[in-house]
Amino acid sequence: MHALTALELARCQFAFTVAFHILFPSFSIGLAAYLAVLEALWLKTGRQVFLDLFKYWLKIFAIGFSMGVVSGIVMSYEFGTNWSRFAEKAGPILGPLLAYEVMTAFFLEAGFLGVMLFGMNRVGRRLDFTATWLVSIGTLISMSWILASNSWMQTPQGYAIDSATGRFLPTDWLRIIFNPSFPYRLLHMGLAAFLCVALVVGAVGAYHLLKDAKRGASSSEPVRVMFSMAMWMMAAVAPLQILAGDMQGLNTLEYQPAKIAALEGDWTSRRRAPEILFGIPNMDEERTDYAVEIPLLGSLILTHSLDGKIPGLKDFPAADRPDATVIFYSFRIMVGLGMLMLLQGILGLYLRWRGSLYETKWLLRFALAMGPAGFVALLCGWVTTEVGRQPYTVYGVLRTADSVSAIALPGIATSMVAFVIVYFIVFGAGVAILLRMMGAAPHYGEAGPDADAPTRTAGTHPGPAQGTAVGRPGGGVTR
Amino acid sequence: MMSLPHLLPIVWACIAAFTVLAYIVLDGFDLGLGILFAVEKEAHARDVLVNTIAPVWDGNETWLVLGGACLYGVFPIAYGTLLPALYAPIIAMLLGLIFRGVAFEFRFKAHSQRQRALWDLSFFAGSTVAAAMQGIILGALVQGIKVRNDQYAGGWFDWLTAFSMFCGGAVVIGYALLGACWLVWRTDGELQARARRYAKPLALITIAMIIAVSLWTPELQRQYLRHWYAWPRILYVAPVPILVAGLVVVFWRSILNPAVHLTPLLCSLGWFFLCFTGLGISIWPWIVPPSVNIWQASSPPSSQLFLLAGALVLIPIVLAYTGYAYWVFRGKINNETHYH
């Protein structure tokens, strides 16, 4: 084992903080959309079950969102602390995109989150509903900007290089934002966020269905409705996600063939290539050991033709190759989980048709086990795309080694240790709180976040907008 | 006629300054409430403290993110040199903000007294550390940062000096004052009376520290001295200390008058505004004193123009709905539990 360099530690630290961070916004993107739908259904149908579910998930949303905010602040400064040379060169392009994200999305989310969480009694249903939708739209806008940034780093265009300083000069902002991989990444990430939440909601529903069945009790309506909605979502989105993943794969083949070669474990470029199902990529010997292959399938998947030519890592100088030993596996975990999600969706449809969706224990256990699968797949996908674009930060133009700050090893090691300790304490506690909340079943007349702690209710009490008696039961639906 | 590459950085320096000021104004009292946990130990009172800002704190902190993003996009050389130079206090500030940010939600979800005490501690310590680090960052910036070839060229602990530590202490006290004045405005009864009591010594110490920092600053860079005392410049910078003194009189009268609720907060915000203006007078046109000015730090005009177009439309909209959110949650907060 060799000692870590400052560059590797800077990468580790960034990967660690961003991997933690990304879980919360993904959860927020999916959950905000779910909440917007639930509130819409409640306003349209007037059915209590939708309000109960809305309030149940709203409380969970509040926790997840706050963790996303605080872990996100770190990200906006870490580009400078860890990657100052990158920031100075690419800042003219990526900085404005980030600033637009803050101005169009972060403020929108933060500004209306308070109203969404605590405002039902103060502003009434319609404005509360508007706030929920604005928060949800904010999460989607935010995702669009950050994916435009990331995609530009993967498939840069619309820039010139300043010969004196080596800085990127923006020449065409539309080409920068709508760079070649942006639409595919946006679609793939958006669907991933929806899947993450569908899987979590499905698992929570399944957990309570199983628990109720064990007690011999019949489950409450909110439990059944949430499980049913999640299973519909899985059936609809899982196949779409596989299509979106395929489209992104084709796009990557066009713009980042080395990444494809590495994640496929292919060393020699060829036509009629097999698909390696499993093996151990060996970077030193330039081969994939113990490969289990299916003939022709590689060409078929990547080019949609049996005769298609696919790249091999030997096409690229050794210094330009991404590390296949990581992304070969991360890619397979992601795809494997995607297939399980598809299976879950299909099984859900089948059992619904048979009329035993809520009673089939093995399906409920499967859904429960799949609860975290969305997040695992999401992280594996990001590892694949980020490790796969190494050794560059701006693909083909700026190397990672030329991006790092001149921070000494002891400094970055100290902060790394601090981040690890703090993140495990804080976000560990947060996840424990979330799990405890999900472990409590939603019930009739579910209270909202404002009524959760007695004193919070007080916070929403005074003021001229206050109407007549509000609050429970019914959780403040009347004014 | 001034050219675009000359004018844009000036406009952006103003917007960036506004962003930082908005952050200080909005998150100052917010962090101050956390600092006041040191003296407000009773559980219900603490709940009220947190509830006065629960619906708006996310938005307040977002100005800090905007500040970072603007620096990144508009003055990338400043972003790329300041952050490595201030690495340790920045990381400590971020970790402090994490502890305090999650405590908002977690402390209400704690299911034992012990757990709740821990999240209360996390709220207090996180707020205090974040405030102190912001002061240290400010002090380290003012005292000067070594830059060579657009990269930070100083050592690991350059930021750590008596001056920066003093600024750290000053910001903690100043934010606590903002927090106390915020409570005078937003609460009533005994809590409000206690907040008035806290505000008095806090205001005295804050003013003393403002005077100390003002006298200390010109010692740090020769340039600063000229910015203040050169003739005829002294004529138009003189109002700054005079206004600070004037606000002391207004503050003192209002804090002693139980019928006045909002004025103490406005006065202390006024002090922050004036200190910030003073800081601007000292370091202008540097952005990384004493070597990088706003033009040297700038990104190309195409970047600044692209972002300016959005900022001019979006920042007013943001301010409008932020105002709306504050308006929705206006009024006194107390812990009479009406619904239970």
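**View 1. The contact between chain A and chain B.** Chain B brings 73 residues to this contact and chain A brings 67; two residues touch if their C-beta atoms, placed from the backbone, lie within 7 Å. On chain B, the elements that each supply at least two residues include α2 (43-53), α3 (57-74) and α14 (301-328). α5(B) gives the most, with 15 residues. Helices (H or I, at least four residues) and strands (E, at least two) are DSSP runs, numbered from the N terminus. This is a predicted model: local features need pLDDT of at least 70, side-chain atom pairs count only at pLDDT 80 or more, and totals for chains, interfaces and linings use all residues. Residues are numbered from 1 along each chain as its sequence is written, and chains are lettered from A and ligands numbered from 1 in the order in which they are written.

**View 2. Helix α4 of chain B.** Ten of the ten residues of α4(B) are buried, among them B:Tyr79, B:Gly80 and B:Leu83. Buried means that 20 or more other C-beta atoms, placed from the backbone, lie within 10 Å of the residue's own.

**View 3. α3(A) against α4(B).** Helix α3 (residues 84-118) of chain A packs on α4(B) at an angle of about 145°, with the axes 8 Å apart. Axes are lines fitted to C-alpha atoms over the stretch in contact, and angles run from 0 to 180 degrees between N-to-C directions. Residues of α3(A) that take part include A:Arg85, A:Glu88 and A:Gly91. Those of α4(B) include B:Pro76 and B:Thr81.

View 4. Strands β4 (residues 275-282) and β5 (residues 287-294) of chain A run antiparallel, joined by six bridges; pairing takes at least two DSSP bridges. A:Phe278 stands opposite A:Val292. Four residues separate the strands, and A:Glu286 in the turn has a positive phi of about 55°.

Notes: Buried ≥ 20, exposed ≤ 12 C-beta atoms within 10 Å, placed from the backbone.
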